[in-house]
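These are my notebook entries on a structure that I was asked to examine. I set down what I looked up, topic by topic.

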Amino acid sequence: MLTAIDFLIVSSLLFSLGVVGIIINRKNVIVLLMCIELILLAVNTNFITFARFLGDTGGEIFVFFILTVAAAEAAIGLAILVVLYRARNSINVQDLNLLQG
Amino acid sequence: MTTLYALSLITVAAPLLASLVTGLFGKSIGTVVSHRIAVTGVGLAFFLSVVLLGIVLQQQISMHEISLYAWAVSGITFEVGFLIDPLTVLMMVVVTFVSLMVHIYTIGYMHDDPGYTRFFSYISLFTFAMLMLVMANNFLQLFFGWEAVGVVSYLLIGFWFKRETAIFANLKAFLVNRVGDLGFLLGIALVFMLFDTLNYQEVFAKLSTTDLKLTVSLWPGMDVSAITLMCILLFVGAMGKSAQIPLHVWLPDSMEGPTPISALIHAATMVTAGVFMVARLSPLFELSDVARSFVVIIGALTALMMGLVGIVQNDIKRVIAYSTLSQLGYMVVAVGVSAYSVGMFHLMTHAFFKALLFLAAGSVIMALHHQQDLRHMGGLKAYLPITCVTAWIGALALCGIPPFSGFYSKDILIEAVHFAAIPGAGFAYYALLAGVFVTALYTFRLIFLTFHGKARWSHQKGHAVHEPGWVVTLPLILLAIPSAVIAWFTVEPMLFAANGYFKQSITIDTAHDVIGQIAYHYPGAFGFALHAVVTKPFWLAVAGIATAYLCYVRFPKVPARLAREFSVVQRVLVNKYGFDEFYQWFFAKGTRNLSLWFWSVVDIRIIDKSLVGGVVHAWGASARLLRHLQSGYLNHYAFAMILGLLGLLSFWLWG
């Protein structure tokens with residue numbers, strides 16, 4: 001029988017994967033967006049897990065919201081990416097260091 | 001008494017007003033009007049001083065206090081006020097008389113000087129300041145006058161401010177006087193601490209109720225009598241102003257100023273302020289034998305040592321300046337042995353004959369077109385008869401030859417020291433006796449080198465050497481008269497009369513009342529003059545004059561030979577005992593070097609580079625380190641956020 005811990009482990013693995021992806025990725029901004037999606041999915045998994053094991057459907061309803069927002073966010077992110085590419089001719093993370101002092 | 005109020009106020013205000021008018025509007029009103037205003041102002045002050053003297057004598061006024069106004073009240077009252085008593089009015093008459101003579105003389109002496117009106121403004125201002133000093137009824141006003149005369153002295157020494165030596169001299173005078181003033185100010189602070197008031201009469205009144213054994217702790221374990229310390233500190237102020245060893249160095253240099261002010265400020269009036277102050281504060285000084293011993297020893301050292309230096313000086317004004325130092329030493333010794341009235345008496349006669357000698361020297365300098373070197377004078381008696389005669393009178397008075405006024409003051413002074421019993425008086429007696437010989441020697445060296453012998457100057461075409469105008473000779477004659485005769489009719493009332501002139505102003509403890517002892521067998525003015533022929537000072541003076549005659553008239557080669565034979569002594573005297581060199585080296589250079597060290601090490605290295613620069617460098621260095629964190633890469637920032645989140649969570653979980 002699977003316990004809540006198993007689900008939570010999966011979700012934290014997903015979360016960690018996303019975080020590590022953000023941190024060590026130096027190539028492509030699209031990968032960054034994908035990693036953010038991954039983190040959001042890890043959160044969703046948590047929600048579902050707790051909804052299931054606590055018998056509260058509120059968590060599942062929240063997942064819908066989050067998925068909707070994530071889709072919107074991905075759309076905006078990709079739009080920003082297009083603009084970025086137009087402006088700087090690159091979507092390489094290495095080149096995006098304008099924040100440096 | 002409103003007359004006294006009005007009289008004293010106008011006496012002070014007249015010179016001040018004259019000074020302001022000539023100073024501010026001198027350029028527009030012209031030289032003639034300027035000197036008329038100045039002479040009128042001082043003349044009025046002199047006239048009113050004489051009137052005041054008359055009133056004081058007639059009505060037997062003692063310590064009449066006039067309060068003008070209080071300018072600050074805070075627990076104690078700071079006020080401007082006058083104390084009219086015999087001591088004050090005597091000083092007022094002397095100051096205004098000499099000042100008037102000098103004003104008149106200046107018309108001739110500064111005749112074509114571009115700073116003519118400025119000079120009149122300064123000397124009128126000086127008269128005002130000196131009057132404020134002598135008429136003060138409290139210590140603070142005394143200090144005001146004290147500083148004001150110091151400022152005017154500074155301005156006048158540096159009157160020819162384009163001369164480098166003059167600027168050096170006035171700065172030196174100012175700085176040396178600061179040393180004395182520091183002591184003076186501390187003394188006044190101590191007076192206030194002990195008596196809680198700065199008014200003379202209140203202080204004197206409180207003396208009887210104050211615990212005289214009070215001590216002040218200089219540093220832990222070192223307790224000194226408060227009264228003694230106070231008197232010595234006040235006297236340090238007098239040492240600065242009256243140029244006593246070791247603060248005497250400024251006075252000879254002050255001869256850089258024009259001759260009239262050398263006569264007025266640096267001979268007759270300002271430099272005697274110290275003596276006046278001690279006499280004024282006689283009730284305080286009477287309480288401390290230690291302080292008076294100190295006064296006596298300083299005075300005696302000054303009297304003898306500075307007189308000796310006078311012998312080797314070649315500048316005519318410097319010879320007289322050293323003579324002034326020496327005579328100030330005499331006065332200081334007199335007040336030190338409680339013979340305050342004799343000190344004041346000598347102050348008065350000295351004011352006349354020393355101002356006379358200075359003005360005579362000025363006349364000679366004018367006649368020779370600003371030649372001041374004794375080696376280039378000689379034989380002037382034929383050309384400057386009035387100057388010569390008046391200078392002779394001044395010189396005889398200075399040497400103490402009867403019946404000139406200086407004889408009475410000096411002889412009684414030495415006699416008083418002879419009777420005194422306080423420690424140091426024995427030494428002082430012999431120092432002063434030796435001083436009499438020295439005085440006669442340098443004075444007549446000056447007289448003989450200037451007026452007698454062969455002329456060692458050359459005629460310039462178109463510049464005949466002749467007596468300057470009457471504005472110069474009149475003051476000489478008017479000063480010569482009191483130099484010769486004033487003592488005849490003042491010596492008895494001032495010093496010996498049962499109800500003496502100074503009875504009310506000066507307090508003398510009967511235990512050391514030396515004047516009383518002399519008065520006991522005083523034979524009267526005429527008898528005293530006759531008596532002179534059996535006293536030591538007289539014969540010493542005669543010996544001094546004879547020596548001067550032999551050395552500088554009969555055998556003019558002797559001095560040079562003596563100088564060769566005793567070259568060590570000669571060198572010590574020419575170098576003035578090395579005071580100047582020592583001060584230059586130790587204080588002037590030492591301060592400079594110390595300041596340089598502070599500047600280069602403390603200021604630049606420690607403050608600028610370590611503290612101020614250090615903070616900047618530390619920020620810079622840490623910023624250089626920290627900027628590596630700001631890579632600009634999004635993933636680095638995300639990583640930092642994660643780390644922060646981890647930190648917060650673990651803190652929440654386990655913290």
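The entries below go from the whole model to single residues.

**Entry 1: The model and its confidence.** I noted at the outset that this is a predicted model. I looked up its scores and found ipTM 0.74 and pTM 0.81. For chain B the mean pLDDT is 88, and 99% of the residues of chain B reach 70 or more.

**Entry 2: Chain B as a whole.** I recorded 25 helices and four strands in chain B. The C-alpha atoms of chain B fill a box of roughly 115 × 70 × 60 Å along the principal axes. Of its 655 residues, 51% count as buried. I then turned to contacts in chain B between residues at least 6 apart in sequence, and 80% of these join residues at least 24 apart.

**Entry 3: Where the chains touch.** How many residues of chain A are in contact with chain B? I found 12 residues of chain A in contact with 10 residues of chain B. The side of chain A that touches chain B has eight nonpolar residues, four polar and no charged.

**Entry 4: A pair of helices.** Two packed helices are described by the angle between their axes and the distance between the axes. I looked up H14 (residues 340-367) and H15 (residues 385-399) of chain B, which pack at about 145° with axes 9 Å apart. The crossing of H14(B) and H15(B) is left-handed. On the H14(B) side the residues that meet H15(B) include B:Phe353, B:Leu356 and B:Ala360, while those on the H15(B) side include B:Ala391, B:Gly394 and B:Leu398. The residues of this contact divide into nine nonpolar, five polar and no charged.

**Entry 5: A covered helix.** Is helix H9 (residues 259-268) of chain B mostly covered or mostly uncovered? It is mostly covered, with 10 of its 10 residues buried. Among the buried residues of H9(B) are B:Pro260, B:Ser262 and B:His266. They pack against several helices of chain B, including H2 (86-109), H13 (316-336) and H14.

**Entry 6: Backbone exceptions.** Most residues other than glycine have a negative phi, and most peptide bonds are trans. I found a cis bond joining B:Ile245 and B:Pro246, with omega about 5°; B:Pro246 is in the loop between H7 (226-241) and H8 of chain B. The bond from B:Pro402 to B:Pro403 is also cis, with omega near 5°. B:Pro403 lies in the loop between H15 and H16 (405-419) of chain B.

I next looked up A:Asn89, which has a positive phi of about 60° although it is not a glycine. A:Asn89 is in the segment after H3 of chain A, and counts as exposed because 9 other C-beta atoms lie within 10 Å. B:Asp196 has a positive phi of about 65°. B:Asp196 counts as partly exposed because it has 13 C-beta neighbours inside 10 Å.

Terms used. Residues are numbered from 1 along each chain as its sequence is written. Chains are lettered from A and ligands numbered from 1 in the order in which they are written. This is a predicted model: local features need pLDDT of at least 70, side-chain atom pairs count only at pLDDT 80 or more; totals for chains, interfaces and linings use all residues. Two residues are in contact if their C-beta atoms, placed from the backbone, lie within 7 Å. Ala, Val, Leu, Ile, Met, Phe, Trp, Tyr, Cys and Pro count as nonpolar, Asp, Glu, Lys and Arg as charged, and the others, Gly among them, as polar. Axes are lines fitted to C-alpha atoms, for helices over the stretch in contact, and angles run from 0 to 180 degrees between N-to-C directions. Helices (H or I, at least four residues) and strands (E, at least two) are DSSP runs, numbered from the N terminus. A crossing is left-handed if the near helix is turned anticlockwise from the far one by less than a right angle, and right-handed if clockwise. pLDDT is the predictor's confidence in each residue, from 0 to 100. A residue is buried if 20 or more other C-beta atoms lie within 10 Å of its own, exposed if 12 or fewer, and partly exposed in between; C-beta atoms are placed from the backbone.
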